[in-house]
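Work through the exercises below with the model open. Each task is followed by a solution in steps.

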Amino acid sequence: MQQSLFSLKRNRFLIFGLAIICTLVVYLLMFRVIDQRLEEFNTRFLKEISLEKAQLVQKEFDDFERTFQLMGIAADENQQGFINKLIEQGDVSQFILSYSFWKSSGAYFSKEFEWYENPNVSVPTQVASEISNGFKSVRFIQVQSDKYLEVFIKTRTGILQLILDLNRLNTYVANQKIGMRAYFELYDQDGICLMHPDLARVGEKKKKNFVSYPVKDSTILSEYLILDVIVNEYKLKGIFSENKFFVNVLLLTTQDDVHSISRVSFFLGAIGIGIMLFCMFLMDLQNRKAKRLSLRNLEYQKEDALLRFENLKRKVDPHFLFNALGSLQQLIGKDPVQAKVFVGKMAKVYRKFLSGDDSGLATIREEVVLAEEYFFLQKIRFVDTLNPLEISISQEALALSIPRFSLQILIENAIKHNELSKMQPLTIVITEMGGRIAVKNSVLLKKSDMDSAGYGTHMIAHVYDFYHVQGFEIQQTETHFTVYLPPIPIDSQ
């Protein structure tokens, strides 16, 4: 006994330890998944910042281009005064140094007019003095420390040539504060920087080769911030469509928040595991207590059921014997042959009563045989006041189990509680209905038994309660009394 208790405790600790290990493994996997999801969320959030920055820059450049296109339309109509007013009253006045309009004349263009904002501002000598059909949209020009951007706008009748001060253009765009969590870079086809938050880099050639571009979600060390950034390349529309445009988003923008969420998740998860393990311990204690109480309760129920069963047997046996002997006494003088059969049947029935079975169950086949023998004895006694017993049960159902003596008890109850007469003989039918055995009898209750439910049915119901089997049912109408007996599975036993 002590060895069994020791083994039980050892198994319980082993199971509890395995539960802790499995819980920790699941927790670590869950934390890893949460960490990955947070990293994915961080990356997705940085992509959205990058895209938002690109869209804001494109919007700003679209505003420039709309102004340039209006200037081009005015140039086609020779409205130089309108062009000057557009420049003077617009934001472009901050970085446009001069413009010239060239009309198409065959393979080349001839200059029609030009304008300078300030006579003291000289146009760089590298500005194109003639234009052919093979021009580019933008061209970088540097004269000593001065940096310019030559922009060509194609119009209906010619070309509008603009000279922009790159330092002023970069300063203007920086002052617009287009997105606070990222910065952008713009390079021409030769890799020369046209726009950058660090003005010292404007005009410099990009150190890295362009062979690996277009860039998408590339994490690099920013030469400008000396910190890790995610770089994405976008395609601009308009005059800068042939240039390379990159947006850089600082990883630290959301990385600290992500790590903070991870730490909080880890801490809360650890607390959750501790609470869960404590609850498991309490549940184990409660389950052991409940199991002990359940086993004790089952023992009490079994003892109570067997006690009721034995009490019933003590009631049934003398009563049955007394009536059977009385019938046999009358039968011996009338029909000795039938008396022999009666004695044989009575011996079998009484032997069945005396046989011991702690389970309180029997197969339906055994119960049907007992019911037929018992009914034969009663038929001898009551003769024409009983109609022949009707039994209709499938062969498959006969192997199933029901409470012991249940069919005999229900037949006895039907005979005991009803008036028996030749005019209205009692009819008893045993049949199979919906997976249950139905014992049905006609009703003509004795006046003294109008409110009696019968001790036997209570005993049968108690057996079903003991085995936790549902489906035992009693139905009573003015003409019939029916008891439904569900089979008791082997597992319940």
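**Exercise 1. Which residue of β11 stands opposite Glu 185?**

Solution. Step 1: find the strands, which are DSSP runs of E with at least two residues, while helices are runs of H or I with at least four, both numbered from the N terminus. Strand β7 covers residues 182–187, and β11 covers residues 244–250. Step 2: check the pairing, which requires that DSSP finds at least two bridges between two strands. β7 and β11 are joined by 6 bridges and run antiparallel. Step 3: read off the partner. Glu 185 faces Phe 246 in β11.

The model is predicted: local features need pLDDT of at least 70, side-chain atom pairs count only at pLDDT 80 or more, and totals for chains, interfaces and linings use all residues. Residues are numbered from 1 along each chain as its sequence is written, and side-chain values use heavy atoms, leaving out hydrogens and water.

**Exercise 2. How many bridges pair β10 with β11, and in which sense?**

Solution. Step 1: count the bridges. There are 6, and the sense is antiparallel. Step 2: find a facing pair. Tyr 234 stands opposite Phe 245 in β11. Step 3: look for a side-chain link. Lys 244 and Glu 233 form a salt bridge (a side-chain nitrogen of Lys or Arg within 4 Å of a carboxyl oxygen of Asp or Glu). Their closest N and O atoms are 3.9 Å apart. Step 4: check the cover. In β11, 5 of the 7 residues are buried (under 20% relative accessible area; exposed is over 50%, partly exposed in between; 1.4 Å probe, protein chains only). Lys 244 counts as partly exposed, at 25%.

**Exercise 3. Is Glu 150 buried or exposed?**

Solution. Step 1: locate its salt bridge. Glu 150 meets Arg 139 at 2.6 Å, N to O. Glu 150 is in β5 (residues 146–154) and Arg 139 in β4 (residues 138–143), 11 residues apart. Step 3: read the accessibility. Glu 150 is buried, because its relative accessibility is 0%. Arg 139, at 32%, is partly exposed. Step 4: take another pair. Asp 165 and Arg 168 form a salt bridge with closest N and O atoms 3.8 Å apart. Asp 165 is buried at 14%, and Arg 168 is partly exposed at 38%. A network of them links Asp 198, Arg 201 and Glu 223.

**Exercise 4. In what order do the 5 strands of the open sheet lie?**

Solution. Step 1: write the order. It is β13-β15-β16-β18-β17, with mixed pairing. Step 2: name the edges. β13 (390–392) and β17 (473–476) each pair on one side only. Step 4: inspect β13. It runs parallel to β15 (residues 428–433), joined by 3 bridges. Ile 391 stands opposite Ile 430 in β15.

**Exercise 5. At what angle do α6 and α8 cross?**

Solution. Step 1: take the axes. Those of α6 (residues 364–382) and α8 (residues 406–417) cross at roughly 25° and come within 8 Å. Step 2: classify. α6 is therefore roughly parallel to α8 (angles under 35 degrees; over 145 is roughly antiparallel, 65 to 115 roughly perpendicular, the rest oblique).

How values were computed:
Axes fitted to C-alpha atoms, helices over the stretch in contact; angles between N-to-C directions.
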